[in-house]
Amino acid sequence: MSDLKVTGVHKHYGAVHAVRGVDLEVPSGEFTVLVGPSGCGKSTLLRCIAGLEEVDGGTIEIGNKDVTWNRPRDRDVAMVFQSYALYPYMSVYENIAFGLRARKTAAAVIDKRVKETAAMLGIGALLQRRPRELSGGQRQRVAIGRAIVRDARLFLFDEPLSNLDAQLRDDMRIEIKRLHKELKRTMIYVTHDQIEAMTLADRIVLLRDGEIEQQGTPLDLFERPTTRFVAEFLGSPRMNFVPAEVSGRSVRLSEVVSFDLSQAPAGRAGAAVLVGIRPQHIVRARKSDSSPDRSVTIVADLVQVTGTRALVTFNLGPHTLIADLEVGSDCVPGSRIAIDFDMSRAIFVDPGSGRTISSR
């Protein structure tokens with residue numbers, strides 16, 4: 001059963017067409033992440049679902065009920081915002097209980113739900129504090145608590161971790177993932193951070209210019225992108241792209257680099273393509289008696305050591321690429337490093353349309 005069904009939704013702001021006929025169906029209990037660059041329409045779409053923005057076309061159904069023109073309070077949704085939006089003069093307890101009191105819930109039920117929610121979020125000892133007495137992570141837990149205490153059908157998150165530092169974002173991602181597992185409720189989460197999208201989502205919906213570019217499981221989009229935009233957006237560092245020429249079952253990346261492939265792009269013999277290969281799939285060359293040496297020696301231009309790994313920037317002809325390599329004594333600018341390309345993991349893109357090309 002679907003908890004949410006969006007059909008042909010449009011939203012305009014004057015001449016700006018922010019959401020362009022989006023169709024989306026979210027099954028009950030799924031954690032769906034709307035992701036994309038700034039201005040792609042992800043937050044606008046979420047606000048339309050919540051009823052905070054009126055749509056200019058299309059319908060929105062929640063729990064098989066058309067709520068397109070319902071007020072936010074009548075949609076059975078709970079929302080967590082980027083800003084904590086806590087009442088500064090209220091205690092943590094009062095902030096969490098506020099929505100229940102507004103709905104005239106019995107005092108005993110409020111007390112039980114608030115305390116259970118606070119315990120679940122690890123803020124049970126903070127119930128009598130004011131927001132000014134809390135850290136950023138604690139305030140965000142209170143904001144999440146105020147949403148989940150309502151026991152709504154849909155939980156909507158609009159970039160809730162953007163104001164936190166890196167360590168707190170990591171901690172809160174784990175908390176939100178754990179909450180989803182425990183509550184088993186449908187959650188729709190907006191972010192511009194592809195790491196959040198990959199780590200949190202059951203399904204990613206990647207938007208571009210108000211339309212859905214691709215949707216699927218995180219690994220579907222990461223391993224099988226349908227366009228160059230998807231391939232570049234997901235993955236850090238982003239995928240390398242190099243113009244190449246296909247000849248039979250070989251592909252030439254530069255004047256000195258050519259690889260034989262078990263599967264070449266279908267119907268592209270003699271044509272130009274873009275070869276996409278992730279930095280993680282450029283590896284240190286390892287000689288083997290059972291296979292030919294296909295290594296390429298590069299000169300490291302920039303080196304960013306991240307711990308046990310190093311991001312090595314180098315030039316391949318006129319093109320600049322990044323390799324994600326194991327750290328070694330040669331991971332310094334100016335060093336020569338023998339590398340190989342794992343072409344079994346490469347993708348091929350049509351330079352004109354930007355769409356990926358299937359292999360034969």
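Author: Two packed helices are described by the angle between their axes and the distance between the axes. In this predicted model, helix α3 (residues 107-121) packs against helix α4 (residues 136-148) at an angle of about 135°, and their axes are 10 Å apart. That makes α3 oblique to α4. Angles under 35 degrees count as roughly parallel, over 145 as roughly antiparallel, 65 to 115 as roughly perpendicular and the rest as oblique. Axes are lines fitted to C-alpha atoms, for helices over the stretch in contact, and angles run from 0 to 180 degrees between N-to-C directions. Helices (H or I, at least four residues) and strands (E, at least two) are DSSP runs, numbered from the N terminus.

Reader: What is the handedness of the crossing of α3 and α4?

Author: A crossing is left-handed if the near helix is turned anticlockwise from the far one by less than a right angle, and right-handed if clockwise. The crossing of α3 and α4 is right-handed.

Reader: Which residues in α3 and α4 meet?

Author: Contact means heavy atoms within 4.5 Å. From α3, T117, M120 and L121 meet R141, I144, G145 and I148 of α4. The residues of this contact divide into 4 nonpolar, 2 polar and 1 charged. Ala, Val, Leu, Ile, Met, Phe, Trp, Tyr, Cys and Pro count as nonpolar, Asp, Glu, Lys and Arg as charged, and the others, Gly among them, as polar.

Reader: Which residues of helix α2 are buried?

Author: Buried means under 20% relative accessible area, exposed over 50%, partly exposed in between (1.4 Å probe, protein chains only). In α2 (residues 92-102), the buried residues are V92, Y93, N95, I96, A97, G99 and L100. They pack against α3 and α4. Just after α2, K104 has a positive phi of about 60°.

Reader: Why is helix α1 described as largely enclosed?

Author: Helix α1 (residues 42-50) has 7 of its 9 residues buried, so it is largely enclosed by the rest of the structure. Among the buried residues are K42, L45 and C48. G51 follows α1, with a positive phi near 90°.

Reader: How many helices and strands has the chain?

Author: The chain has 8 helices and 21 strands. Of its 360 residues, 48% are buried.

Reader: Which conventions apply here?

Author: Residues are numbered from 1 along each chain as its sequence is written, and side-chain values use heavy atoms, with hydrogens and water left out. Local features need pLDDT of at least 70, side-chain atom pairs count only at pLDDT 80 or more, and totals for chains, interfaces and linings use all residues.
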